Structure formats: C-alpha cells, structure tokens
Amino acid sequence: MKKFLLAIFAILCVAGVSAQDWSAGARLGSGFQAVGTYSYNGNDYFEGRFGASWLGSVSADFTVLHNWQICTMDWTPRAGKWFFDAGVGLNVGGKAHYAYVGIAGLARLGIKFNNAPISVSVDYTPVIGPGIGYAGGHSHAAFRDLGFANFGVSCVFHF
C-alpha cells in the first residue's frame, strides 16, 4: 500500500512540474481530509484527499478522483460563479485489523468567488466496496454500507 501511494504521489509531482492550475484546501464532513487538485484541461481535474474518516470509527482515508465540471451557473454575478461537478475514482482506508476499498463517485455544488481565489462547495462522494476485517490469521469481508454516508464541505484556495 505504501508503494502504491508513493507511486501516485510521484506521478502527480511529475505531472505538475509545468502545472498552471493547482489548488489546495480542506474538507470537513464524514471526516477531515486535506484536498489537492490539479486542473489540466479547462473543465477536467484530478483531486486527491488524504486524512481521517470517522464513519463508524476513526480510520485513515485516501481518495483519488477524476472530476469534470459539468456546468457553471451565473446565479450571483457579483459574488462569483456557481459550478456543478461530477467525478469517479478510488477510495481506500483502514485502521488496525480493518481495511476498505471501493469505487467512489462524486457530485459537487459550489461557488468560486470573484474577489478571492477561494471556492466553497458541498459534495456527496458515495463509495461502493467491501470492508475487510482481519486478525489472528482469519479475515471476513462484507459490503461496507457506511460508504454511502460520505458527505462533506470543502474550502479550497486556487494558486
């Protein structure tokens, strides 16, 4: 797992050497995660989240998503542009004697402010996959229904 995370980090670093659109921030909701995004094609961007999830109990949580900006709305032209994004990716996490992995989806509604390089958004990121408990040479896997409770509010600073 450590090698996989290191490889993802290295790929993002190499891809970002000539980056034009990075952002970083935090997400609070079903857990607390640091958020980093890299926009590479106008409406397409990669998002990485790393932190803690407290769905059920506190565990480490890592999510990588590829997102598309579906549309922008001019509801409050003086304040900023509203946006709706959708995406898909992978979520992994766990703690002592428990791990989970799953396919993650994303639906996000937010606003990018005109007078500050900040955006605030609300997202729903359901995760479909198993939770695996292991101890003493035995393991048990079951559908992780807590993955459907993954809501959050993000605040991101755009560089």
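The largest cavity of this predicted model has a volume of about 60 Å³. A cavity is here a set of points, on a 1 Å grid over the protein atoms alone, where a 1.4 Å probe fits but cannot get out; grid points are joined across faces, edges and corners, and a volume is the space filled by probe spheres set on the points. Searching the whole structure with a threshold of 30 Å³ or more returns one cavity. Because the model is predicted, local features need pLDDT of at least 70 and side-chain atom pairs count only at pLDDT 80 or more, whereas totals for chains, interfaces and linings use all residues. Residues are numbered from 1 along each chain as its sequence is written, and side-chain values use heavy atoms, with hydrogens and water left out.

By class, the lining divides into three nonpolar, six polar and two charged residues; Ala, Val, Leu, Ile, Met, Phe, Trp, Tyr, Cys and Pro count as nonpolar, Asp, Glu, Lys and Arg as charged, and the others, Gly among them, as polar.

Turning to the fold, the protein chain has one helix and eleven strands, taken as DSSP runs numbered from the N terminus (helices H or I, at least four residues; strands E, at least two). The mean pLDDT of the chain (the predictor's confidence in each residue, from 0 to 100) is 89, and 87% of the residues score at least 70. Confidence is lowest in helix α1 (residues 2–15), with a mean of 59, and highest in strand β7 (residues 118–124), at 97. Of the 159 residues, 36% count as buried (under 20% relative accessible area, with exposed over 50% and partly exposed in between; 1.4 Å probe, protein chains only).

Strand β5 (residues 80–95) contains Gly87, which is buried at a relative accessible area of 12%. Its C-alpha lies 5.7 Å from that of Gly105, 18 residues away in sequence. Val92 belongs to strand β5 as well and is buried at 9% relative accessibility; 9.6 Å separates its C-alpha from that of Gly129, 37 residues apart along the chain. In strand β3 (residues 44–53) sits Glu47, a charged residue that counts as buried at 2% relative accessibility. Between the C-alpha atoms of Glu47 and Gly89 there are 9.1 Å in space and 42 residues in sequence.

Thr76, in strand β4 (residues 59–76), is partly exposed, with a relative accessible area of 30%. Its C-alpha is 9.8 Å from that of Phe113, 37 residues apart along the chain. Finally, the loop between β5 and β6 (98–113) holds His97, a residue other than glycine whose phi takes a positive value near 65 degrees.

Technical notes:
1 Å grid on protein atoms, 1.4 Å probe; cavity = no way out; pocket = protein on both sides within 12 Å on 5 of 7 lines; lining within 4 Å.
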